[in-house]
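Thanks for making the time this morning.

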Amino acid sequence: MWAARALVRSLAVPRILAGAGDDVVQLVVSHPEFGESEPLLLAAAALARSWLDIAESALARASAELARVAEPPVVDVLSVAMITMAMARLRDQTAIGLKQASYATEVMINLTAVERSQAAELQPVIDYHIAGFELSSGDLGTARWTLERGAGRFRQWLDGDGNHAEQRVRADCAGQLSWIDAFCGELRRAVRYAGCLLTDRQADTGESGVKFAQLATAWTHLERAEFEQAAQRLDHALSTASDNGDPLLVAAGRLTQARLAILTGEPETVLRLLQGPTRATAAETSSRWFAEQFRIATAEAWLAAGEPERAIAALSPEPELALMDARLLLVKALRLSGSFRAATELLARVPSDPMAISLITQVRIWLAQAELALEQGNFDRADVLVDRALRTAAREQLRSATGSAGRWLRSFVAREPVLSRRYSDFLASVPDLAVPTTLQLGRGEADCSGAICVLPLTRRETQVLKRLAEFCSNEEIAADLVLSSNTVKTHLRSLFQKLSVTRRADAVRRGRALGLC
């Protein structure tokens, strides 16, 4: 059938894969003879409708036909490679997808100048799929670079000289890039891309780029502790159907839902979402990176529900692609369980390379290290770490990451004039989102932390202990409680004896394990 052959030769297959071949898809679906004559068209159209079984069958038939030709047309070879690449993305077959993407790039060289000029969407389509494989592998940095290349110069999807397919796929690259930026804490850049994309493209379409941009905006509101706006954005993103079955888009939506539930104090919602009948387990989520993110979200939900032991179990064995985030959660869980020594040892094994981790994770690491430094009496190191964390958090308005640190942060900053002057306004906008770090009597492990207090503390001793937890000096405690310095020392000696400790930091640690401060 000459009409179907003409469509293939005009590079209709890449155009369909770019999301701009709706007319061709409708033609193939409405007139079966087109698909019978040219299985490449049928395979591409089936992919556009997420009919993987039909796409696979048609692709096998097309490949068999090409194998019988001594010198198959370049356009046909390119179409087979790109369809195979797109199917690999839907199935998260990273090795196959990357191999086919590389092969498609090589085949493109053999196109004529006219063909290349008529199909400017080819390279952006390949970049979009490559970035998906990189994201699935946990290589977010490389995925962002690939998507930057696919998106082209800022707002190139509005380029009047570009064809519709090129504009569409470049917008898809920009949308996915905005979500990864938001997830990593690069909120200003995420807003820049997502905001312009939602302005330039129709917000109610099922375009992948638009959906990713809506999720990016929701995630940005979440990290800025703007929960009502985040819920509205997320509802809108989930209410409009996608025009394809991209599993990465579906997974990004579910992860954003889980993040909202955790930050708004609904851990049970997260557990139902990720462990109920519609759960996103490793078996049901093809992307390994997303599967590990769901494990981390599940562990965080168990922590928020006051079940640190189940949080620890959810992270065993340790995720490989999200190791630093997992270890930070394990540190919190161990502390909640009373295993302070194990938590301290684990925190020392959390790498802190600003070039290899997201801003959000880096802020959390710095704050966790600062809290440990304070407990060890190293105020100078704590000062440096808090300054680093708050400088980064204030720049991107990372209120949720900051709020998860706990109340100690506010107390410490309030007593440090330089830090207070720099960050008091920012901290005033930060909600307290920390999982409580105190446990009820008897909840801790029976290890060297000793969650047993033979003699109860008096009211005054408890007041002194609470001020120790706020890093107050003896003089500050005396002034706050209207006591003499000698009386404060007497209370300290008594509570040290009752808690079986000899240092202020150990008293605070033991007091937290007992739920006293």
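**The nonpolar cores**

The largest nonpolar core has 127 residues, and those with the most contacts inside it are Leu-41, Leu-78, Met-82, Ile-83, Trp-179 and Phe-290. By a nonpolar core I mean a set of buried Ala, Val, Leu, Ile, Met, Phe, Trp, Tyr and Cys residues joined through side-chain atoms within 4.5 Å, where buried is under 20% relative accessible area, exposed is over 50%, and partly exposed lies in between, with a 1.4 Å probe and protein chains only. A second, separate core of 28 residues includes Ala-370, Ala-393, Ala-405 and Val-413.

Before going on, please keep in mind that this is a predicted model, in which local features need pLDDT of at least 70 and side-chain atom pairs count only at pLDDT 80 or more, while totals for chains, interfaces and linings use all residues. Residues are numbered from 1 along each chain as its sequence is written, and side-chain values use heavy atoms, with hydrogens and water left out.

To return to Leu-41, its contacts (heavy atoms within 4.5 Å), leaving aside neighbours within four places in sequence, include Ala-4, Leu-7, Val-8 and Val-28.

**Helix H15**

Helices here are DSSP runs of H or I with at least four residues, numbered from the N terminus. Which residues of H15 are buried? They are Phe-227, Ala-230, Leu-234 and Ala-237, and because they cover an arc of only 85° around the axis, taken from the directions from the helix axis to the C-beta atoms, they lie on the same side of H15. On the other side of H15, Glu-228, Gln-232, Asp-235 and Ser-239 are exposed. The cover over the buried residues includes helix H14 (208-223), helix H16 (247-263) and helix H24 (399-403).

His-221 sits in helix H14 and, at 17% relative accessibility, counts as buried; its contacts beyond four places in sequence are with Glu-226, Gln-229, Ala-230 and Arg-233.

**Cysteines and confidence**

For those thinking about cysteines, the structure holds 0 disulfides, a disulfide being a pair of cysteine sulfur atoms within 2.5 Å. Cys-173 is in none, and the nearest cysteine sulfur, that of Cys-196, is 16 Å away.

Finally, the chain averages a pLDDT of 86, the predictor's confidence in each residue from 0 to 100, and 90% of the residues score at least 70. The pLDDT stays under 50 over residues 277-284, and is also below 50 over residues 437-452. Where pLDDT is low, the predicted coordinates should not be read in detail.

Conventions: Helices (H or I, at least four residues) and strands (E, at least two) are DSSP runs, numbered from the N terminus.
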